[in-house]
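Q: I'm new to this one and would like a walk through it. Can we go piece by piece?

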Amino acid sequence: MVVVMKQGAQQKEIDKLVAQFQLQGLRVGITNGVDCTILGLVGDTSSLDMDKISMNQNIERVMRVSEPYKRANRKFHPEDTVVKAGSAHIGGGSFAVIAGPCSVESEAQIIEVARDVQTSGAALLRGGAFKPRTSPYSFQGMGVEGLDLLLEAKAATGMPIVTELMSPKHCQLFEDKVDVIQIGARNMQNFDLLKEVGKLSKPVLLKRGLSNSYEEWIMSAEYIMSEGNENIILCERGVRTFETYTRNTLDLSAIPAVKRMSHLPIVVDPSHAAGMYWMVEPLALAAVAAGADGLLIEVHNDPPHAKCDGQQSLTPEHFDRLMGKVTALVDLVGKTMVK
Ligand code: PEP
Ligand code: MN
């Protein structure tokens, strides 16, 4: 962090400030320029409050030169993190596909879809039991019963299950039953929820918020990591832009950018980005080409009658065709498809 003192700041005020920073465990490099003095703070500045510092009347400007995240930062952890979810590995060259319906609707539905997506090569099964819906009158998910049906599908196929956690009150339930805990876009900055999830042992799939920057997204991962849970998979699912044709705009730049910023694996959800089934395939292939570590794709056995997100769900047959192309492309980019 760099602190630029005001022109004419008294030496005794500068000394006071330097002593304060040193007390906080930082080394302070002092440059006396012609017009002003500049302090270079070296050490862990992640807990310093820039706004508070800049309130000092002798300070002109405060600038960060390093990122406010540490545990998620690639600078301090150059190797890719590989997240183990059940028997599947994601990251570090291992590519995994997570597939399944938006919501769990019945025993027959989830088991049928699980078997189909597994046959096509998906490594993990997704399905919402607790659904974050825009309208309180829309289907809210089957709740605990839905979780138990996911466990039945897991027993039938052996696939690890991924499902969304919305409330801290369900943390223990998810810790006991779920393989990967999804934090949805709408909860990416629910900091109390993030802190509670940070105390659990299960890997977390952290979706990017509807309008959040890369840094805000990684700071949310940092929240989880700061509580001890370092097994995080980031998920780009499209963001809000001026374009209304698609449900969201898939931000492919997030893949190389976030990979440079962080060591955490990143998967792409083309289903929620596009909001239309016919756009899922090209976006999925683009994500593989851009370096994603995996995909999250909604698949339904009867999309026209789905209780949620049918319009963006692939049929099992379409998913199977897509997986043929994804597998070839994963191989071409030098990654290994995990089953
Ligand atoms: C979902 O995965 O079904 C979901 C609700 O996703 P998002 O949080 O990205 O909207
Ligand atoms: Mn959905």
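A: One term is needed before the helix pairs: a crossing is right-handed if the near helix is turned clockwise from the far one by less than a right angle, and left-handed if anticlockwise. Also, what you see is a predicted model.

Q: How many helices and strands are there in the chain?
A: The chain has 11 helices and 15 strands. Its C-alpha atoms fill a box of roughly 75 × 45 × 40 Å along the principal axes.

Q: What share of the residues is buried?
A: Buried residues make up 54% of the 339 residues. As for contacts between residues at least 6 apart in sequence, 68% of them join residues at least 24 apart.

Q: Back to that term. Which way do α3 and α4 cross, right-handed or left-handed?
A: The crossing of α3 and α4 is right-handed. Their axes come within 9 Å and cross at roughly 40°. With that angle, α3 counts as oblique to α4.

Q: Which residues make the contact?
A: From α3 there are Glu107, Ile110, Ile111, Ala114, Arg115 and Gln118. From α4 there are Leu149, Leu150, Glu152, Ala153, Ala156 and Thr157. By class, the contact of α3 with α4 has 7 nonpolar, 2 polar and 3 charged residues.

Q: Why would a helix use residues three or four places apart?
A: An α-helix has 3.6 residues a turn, so residues three or four places apart point the same way.

Q: New topic. What coordinates the manganese ion?
A: The manganese ion (ligand 2) is coordinated by Cys102 through SG, His272 through NE2, Glu298 through OE and Asp309 through OD, at 2.0 to 2.4 Å. Along the chain, the donors follow the spacing C-x169-H-x25-E-x10-D.

Q: Where do Cys102 and Asp309 sit?
A: Cys102 is in the loop between β7 (94-100) and α3 (107-120), and Asp309 is in the loop between β14 (294-298) and α11. The pair is 207 residues apart and links distant parts of the chain.

Q: Are those two buried or exposed?
A: Both Cys102 and Asp309 are buried. For Asp309 the relative accessible area is 11%, and the cut-off for buried is under 20%.

Q: What is the phi of Asp309?
A: Phi of Asp309 is near 60°, which is a positive value in a residue other than glycine.

Q: Now α10 and α11. How do their axes cross?
A: The axes of α10 (residues 277-289) and α11 (residues 316-332) come within 10 Å and cross at roughly 15°. That makes α10 roughly parallel to α11, because angles under 35 degrees count as roughly parallel. The crossing of α10 past α11 is right-handed.

Q: And which residues make that contact?
A: On the α10 side they are Tyr277, Glu281, Ala284, Leu285, Val288 and Ala289. On the α11 side they are His318, Leu322, Lys325, Val326, Leu329 and Val330. The contact of α10 with α11 has 9 nonpolar, 1 polar and 2 charged residues.

Q: Which residues of α10 are buried?
A: Met279, Val280, Glu281, Leu283, Ala284, Ala287 and Val288 are the buried residues of α10. What covers them includes β7, α8 (254-261), β13 (266-268), α9 (270-274), β14 and α11.

Q: What follows α10?
A: Gly291 follows α10, and its phi is positive, near 110°.

Q: You mentioned α8. How do the axes of α7 and α8 cross?
A: The axes of α7 (residues 214-226) and α8 come within 11 Å and cross at roughly 50°. That makes α7 oblique to α8, and the crossing is right-handed.

Q: Which residues meet there?
A: Tyr214, Glu215, Trp217 and Ile218 in α7 meet Ala254, Ala257, Val258 and Met261 in α8. That contact of α7 with α8 has 7 nonpolar residues, no polar and 1 charged.

Q: What does Val83 touch?
A: Leaving out residues up to four places away in sequence, Val83 touches Ala88, His89, Ile90, Pro203, Asn231, Ile232, Ile233 and Pro265. The C-alpha atoms of Val83 and Glu230 are separated by 8.9 Å, and the two residues are 147 apart along the chain.

How values were computed. Residues numbered from 1 in each chain as written. Chains lettered and ligands numbered in written order. Predicted model: local features only at pLDDT ≥ 70, side-chain atom pairs only at ≥ 80, totals over all residues. Heavy atoms only, no water. Axes fitted to C-alpha atoms, helices over the stretch in contact; angles between N-to-C directions. Helix = DSSP H or I, 4+ residues; strand = E, 2+ residues; numbered from the N terminus. Parallel < 35°, antiparallel > 145°, perpendicular 65-115°, else oblique. Contact = heavy atoms within 4.5 Å. Nonpolar A, V, L, I, M, F, W, Y, C, P; charged D, E, K, R; others polar. Donors = N, O, S within 2.8 Å, 3.2 Å for Na, K, Ca; no water. Buried < 20%, exposed > 50% of the residue type's maximum accessible area, 1.4 Å probe, protein only.
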